Amino acid sequence: MQIRRNIGSQILSVFFPEKCYICGVKAEMLCEDCKKKFVIPVTRCIKCGRALPEADADYICQHCFTEKPVYDGGIAFFKYTDAVKSWIHNIKYGKMSYQIRILDIYKDQISKAIDEFNPDLLVPIPLTMEHAYLRGFNQSLIVAQRIAKWIKLPVCHALRKTKFTESQTAVDAGRRKRNVKGSFSASKKIRDKRILLIDDVFTTGSTIGEAAKTLKQYTDTVYFFTVAGT
Ligand SMILES: [Zn+2]
Ligand SMILES: [Zn+2]
C-alpha cells in the first residue's frame, strides 16, 4: 500500500510539482512571498468592482462614470499585479492550465462575492474559432468550470464570437471598443435568467460591456466576474 501511495504522489508531483507556480521555490502552489502579491482590493468601484483608493470607497470609478456600462455590476477579483499577470499568462498561453488551482485558495471569498449577484448561469466569454484552434482551450471557460463546481451552477455557452478581433492586450481603449462592437451573438436559452459573465482580465471593460449588451437582448440581469482587473 505504501509503495502504491508513493507512486501515486510521484505521479502527482509530475503533474503538480511542489513548487511555487510564480517564483519556483519549494511551496505548495504559492509561496508566502508570492501570496502577498495576490492582492484582493478592500475598496472597489460599486459598479465594476475594480480597486479604488480607500478615500474613494463606495463610489463609482471614472470609467463607469463616463462610460455608463450596461452590466448591472461585477467584480474583478485580484489586482493585476505582475505576479497575477504572469499567472494568468501561464494559464492562457503557457499550456500550464493546471495553475488554475491557485483559485482554489480563494474559493470561499470568490463564492461569497458571486453569491451577492445571485446568478442562475455562468457564461464564459468565448474565443473566436481561430483563437480556439490556435490555443486549444479557452481560459474563461476553465475559470467558469472551476467556479461552477464550487457554487453548483451550470456553465452555459450562450455567447458566440461572430467576428475575429485582434488581441485586446496591445490596443488602446477606443480601438478596443470599436474592435469588439457587434462581435458576439447570444442564444435565446438565457431568456430571463440572471447571468454571470466570466472572463480572465477586466481591462477597459469593452469586452464585458459588449457581451452584456448582447445578452441583454434576452435578459435584464447581467453581472460579471473576472479573475483580475487593471
Ligand atoms: Zn513564490
Ligand atoms: Zn467602475
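**The sheet and its helices**

Guide: Of the contacts in the chain between residues at least 6 apart in sequence, 71% join residues at least 24 apart. The model is a predicted one. Its chain contains ten helices and six strands, and 34% of the 230 residues count as buried.

The sheet comes first. Four strands form an open sheet in the order E1-E6-E5-E2, and their pairing is parallel. E1 and strand E2 (121-124) are the edge strands; each has a single partner strand, so one side of each is left without a neighbour in the sheet. Direction ignored, neighbouring strands of this sheet are turned by 20 degrees against each other on average. E2 and E5 run parallel and are joined by four bridges. Leu-122 stands opposite Leu-196 in E5.

Strand E5 also holds Arg-194. Apart from its neighbours within four places in sequence, Arg-194 is in contact with Asn-118, Pro-119, Asp-120 and Thr-221. From Arg-194 to Val-222 the separation is 28 residues in sequence and 6.1 Å in space, C-alpha to C-alpha. Asp-192 belongs to the loop between strand E4 (184-186) and E5. Its phi is near 60 degrees, a positive value in a residue other than glycine, and Asp-192 counts as exposed, with 9 C-beta neighbours inside 10 Å.

Now the helices. Helix H10 (residues 206-215) lies across E1, E5 and E6 and runs at about 160 degrees to E5. Nine of the ten residues of H10 are buried, so this helix is largely enclosed by the rest of the structure. The buried residues of H10 are Ser-206, Thr-207, Ile-208, Gly-209, Glu-210, Ala-211, Ala-212, Thr-214 and Leu-215.

H8 lies across E2, E5 and E6, at about 125 degrees to E5. Helix H6 (residues 107-115) packs with H8 at an angle of about 80 degrees, the two axes being 10 Å apart. That angle makes H6 roughly perpendicular to H8. H6 contributes Lys-107, Ile-110, Ser-111 and Ile-114 to the contact, and H8 contributes Ile-147, Trp-150 and Ile-151. By class, the contact of H6 with H8 has five nonpolar residues, one polar and one charged. The loop between H8 and strand E3 (159-161) includes Lys-152. Phi of Lys-152 is near 55 degrees, which is positive in a residue other than glycine. Lys-152 is exposed, with 6 other C-beta atoms within 10 Å.

Helix H4 (residues 82-92) has Ala-83, Val-84, Trp-87, Ile-88 and Ile-91 as its buried residues. Seen down the axis of H4, these residues fall within an arc of 130 degrees, so they line one face of the helix. What covers them includes helix H2 (32-35), helix H5 (102-105) and helix H8 (139-151), along with strand E1 (73-79), strand E5 (194-202) and strand E6 (221-229).

Notes:
Residues are numbered from 1 along each chain as its sequence is written. Chains are lettered from A and ligands numbered from 1 in the order in which they are written. This is a predicted model: local features need pLDDT of at least 70, side-chain atom pairs count only at pLDDT 80 or more; totals for chains, interfaces and linings use all residues. A residue is buried if 20 or more other C-beta atoms lie within 10 Å of its own, exposed if 12 or fewer, and partly exposed in between; C-beta atoms are placed from the backbone. Helices (H or I, at least four residues) and strands (E, at least two) are DSSP runs, numbered from the N terminus. The arc is that of the directions from the helix axis to the C-beta atoms. Two residues are in contact if their C-beta atoms, placed from the backbone, lie within 7 Å. Axes are lines fitted to C-alpha atoms, for helices over the stretch in contact, and angles run from 0 to 180 degrees between N-to-C directions. Angles under 35 degrees count as roughly parallel, over 145 as roughly antiparallel, 65 to 115 as roughly perpendicular and the rest as oblique. Ala, Val, Leu, Ile, Met, Phe, Trp, Tyr, Cys and Pro count as nonpolar, Asp, Glu, Lys and Arg as charged, and the others, Gly among them, as polar. Two strands pair if DSSP finds at least two bridges between them.
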